[in-house]
Amino acid sequence: MLATAGPQNFQAIHYHHKIQPKPIYPFITHKSHNMLLQGSFFSLPFRSPLRLRPPITHHHLPRKVSFAAVSFSASYAISDQELESRGLIFRRTIDDLNLDHLNSVFVAVGFPKRDTDKIKVALEHTDSLLWVEYEKTKRPVAFARATGDGVFNAIIWDVVVDPNFQGIGLGKAVIERVVEELLQKGITNIALYSEPRVLGFYRPLGFISDPEGIRGMVYSRKNKRK
């Protein structure tokens, strides 16, 4: 089972690129700008203004372009054409995405059943989204999304593949394409949550855990001092 959200005991890992941007915050160094968050799964309160629309240009704050000179050439393990030959089509918007069907995929991989109204709100606050439609049934069979600030940081969420379609490369396909989209926007601090037993899936895709021992913390009400 491939999934990046759900019960406890999840670990956060980050995408690692050889070319690092200059430090942005005091706790980020040129050697390791990726801040890892390790612990139980939680939902970060990102409120993206993009909402699946084209990026907004903020004229009062020039966008950092330190990554712009890097030429990123996508080399996918499985091409769009090969997937299309199997009746599998990539979709990048929530148009035609049946949230009940998506919820059924979440449940099939072990996520708790979610309120579809809340799923809709989450997707409206998502910066990058990719799902795979099985043309024969018009149902989603793979899904991933990313939220963040649109400039520096992003976290990939809800990477799922319908159990009936696992083993043909769909998990790798959606991760590769979501990462590519984020890198093309100049975002290089990319993280995701993963069950420890599937960390090996993400490492060949460029993700690392605890770079140079850097780890983070998550808020827990249990540990809050009274």
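Arg114 lies over the face of Phe106, at 4.5 Å from the ring centre. A charge counts as over a ring if NZ of Lys or CZ of Arg is within 6 Å of the ring centre and within 35 degrees of the ring normal. Arg177 is placed over the face of Tyr76, at 3.8 Å from the ring centre.

This is a predicted model, in which local features need pLDDT of at least 70, side-chain atom pairs count only at pLDDT 80 or more, and totals for chains, interfaces and linings use all residues. Residues are numbered from 1 along each chain as its sequence is written, and side-chain values use heavy atoms, with hydrogens and water left out.

Stay with Phe106. The structure holds 6 aromatic pairs. Rings of Phe, Tyr and Trp (its six-membered ring) pair if their centres lie within 6.5 Å; planes under 30 degrees apart are stacked, over 60 edge-to-face, and the rest tilted. The ring centres of Phe106 and Phe143 are 5.9 Å apart and the planes stand at 80°, so this pair is edge-to-face. It links distant parts of the chain: Phe106 is in helix H2 (residues 99–108) and Phe143 in strand S4 (residues 139–148), 37 residues apart. Helices (H or I, at least four residues) and strands (E, at least two) are DSSP runs, numbered from the N terminus. Both Phe106 and Phe143 are buried. Buried means under 20% relative accessible area, exposed over 50%, and partly exposed in between (1.4 Å probe, protein chains only).

Next comes helix H3 (residues 116–124), which contains Thr116. Thr116 has 23% relative accessibility, so it counts as partly exposed. Its C-alpha atom is separated by 7.4 Å from that of Asn103, 13 residues apart along the chain.

Now turn to helix H4 (residues 170–184). Its 15 residues should span 21 Å at 1.5 Å a residue, and its end C-alpha atoms are 21 Å apart, which agrees. The expected span is 1.5 Å times one less than the number of residues. H4 is mostly covered, with 12 of its 15 residues buried. Among them are Leu170, Val174, Arg177 and Leu183. Just after H4, Gly186 takes a positive phi of about 90°.

Two other residues share this backbone theme. Most residues other than glycine have a negative phi. Asp96 has a phi near 70°, a positive value in a residue other than glycine. Asp96 sits in the loop between strand S2 (88–91) and H2, and is exposed at 67% relative accessibility. Lys138 also has a positive phi, about 65°, although it is not a glycine. Its loop runs between strand S3 (128–134) and S4. Lys138 is partly exposed, with a relative accessible area of 47%.

Finally, look inside. On a 1 Å grid over the protein atoms alone, a cavity is a set of points where a 1.4 Å probe fits but cannot get out; lining residues have an atom within 4 Å of a point. Points are joined across faces, edges and corners, and a volume is the space filled by probe spheres set on them. The count comes to 2 cavities of 30 Å³ or more. The second largest cavity holds about 40 Å³ of space. It is lined by 11 residues, and the closest to its centre are Asp127, Gly150, Leu182, Lys185 and Ile187. S4 and strand S5 (153–161) each supply at least two residues of this lining.

Notes: 1 Å grid on protein atoms, 1.4 Å probe; cavity = no way out; pocket = protein on both sides within 12 Å on 5 of 7 lines; lining within 4 Å.
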